Every structure is written in structure tokens, then in C-alpha cells.
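Subject: Structure handover

Hello,

Here is the structure for your set. My notes follow below it.

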Amino acid sequence: MNQRSTDLLRIRPEIKATKIVAGISNDELFQNKTIRPILKLQNDLILVVFKNYIKKHKNKFYNLTLEKRLEYIENAIQRDIKFRNALKGIIIGQFTVEEYETYTLNSSALNKRMMSMAIIRLKDQLQYFDEPVLV
């Protein structure tokens, strides 16, 4: 393992709740050992990137109901290919060379997992996007 790989693995947060049991699929193992820690590591960046996405799309997000905001997040990631690719880059850029080689074996399924997890992460932190109100 080269220095870059060692450094990348060292800075990743440990997720104690993740269970790795016998019989787990390779995709699920990759999700739990690689994607989940990277998403946690990159969380602040992902939030800021989505906030910028909202801004670039004329802040329409802020005029939506809660339900429509959740749909907006899903649509942004599932339908906006440029935005989706930017998110993939934020995640894949944190892979070690070995992880990237594993990723290329089943990138389509792993991309679906990554984007689903990113959607959930953004939805779970919806309050981050609320504009502050002075009382």
C-alpha cells in the first residue's frame, strides 16, 4: 500500500455501528468499509455543494414544502447528471487505488448505493438548508 492509500485510510472516521458479518455480499462489504466512512468524512463538503446547487438553481428549494424539498433532493441527484457526477467525484476521489480497482468491478451497482446513501444523508440533514430567521 502506498503513502496516499495509508493517509486516506487513516483520516477516515470509524463507524462503530457498521456490522460486517459472514455471508455479506461484496457490494455491501464495500459499502460499509469504504463508501459509508467516505460519506461521513465528506459530509460537510457534500452539504456545501448541495447548498451551492440550490443557489445555482435560483433558490427554488426554499419556496418548497417539506415533502417537495425531499423530492427536490432526490431529483437533483437522480436526474441532474452533472451534479450526480460531481458527487461521485467527491466520493471516488477518496478511494485508495485498491478500492478503486474493486469499485470498477461493479461500478453500476456501487454508484446506485453511493447515490442512495447521499440522498438519505442530505434528507437526514434537511435542517442544515433552512435559512436562519431573526426573531
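Where does Q42 lie? Q42 is in the loop between α2 (26-41) and α3 (43-56).

First, the ground rules. This is a predicted model, where local features need pLDDT of at least 70, side-chain atom pairs count only at pLDDT 80 or more, and totals for chains, interfaces and linings use all residues. Residues are numbered from 1 along each chain as its sequence is written, and side-chain values use heavy atoms, with hydrogens and water left out.

Overall picture. The protein chain has seven helices and zero strands. Helices (H or I, at least four residues) and strands (E, at least two) are DSSP runs, numbered from the N terminus. The C-alpha trace spans about 50 × 30 × 25 Å along its principal axes. Of the 135 residues, 37% are buried. Buried means under 20% relative accessible area, exposed means over 50%, and partly exposed is in between (1.4 Å probe, protein chains only). Take the contacts (heavy atoms within 4.5 Å) between residues at least 6 apart in sequence: 70% join residues at least 24 apart.

Back to Q42. Its relative accessibility is 13%, so Q42 counts as buried. Leaving out residues up to four places away in sequence, Q42 touches I90 and Q94.

Next, R69. This residue is found in helix α4 (residues 66-79). R69 is buried too, because its relative accessible area is 12%. Its side chain reaches the backbone oxygen of L64 at 3.4 Å. Beyond residues up to four places away in sequence, R69 touches F61, Y62, L64, L126 and D130.

I120 sits in helix α7 (residues 107-124). With a relative accessible area of 49%, I120 is partly exposed. I120 and L70 are 50 residues apart along the chain, and their C-alpha atoms are separated by 9.5 Å.

Finally, the packing of α2 and α7. Their axes are 11 Å apart, at an angle of about 40 degrees. Axes are lines fitted to C-alpha atoms, for helices over the stretch in contact, and angles run from 0 to 180 degrees between N-to-C directions. That makes α2 oblique to α7. Under 35 degrees counts as roughly parallel, over 145 as roughly antiparallel, 65 to 115 as roughly perpendicular, and the rest as oblique. On the α2 side, the contact is made by D27, E28, F30, Q31, I35, R36, L39 and K40. On the α7 side, A109, L110, R113, M114, M117, A118 and R121 make the contact.

Best wishes

Terms used: A polar contact is a pair of N or O atoms within 3.5 Å; within protein, one must be able to donate a hydrogen and the other to accept it, and residues adjacent in sequence count only if both atoms are side-chain atoms.
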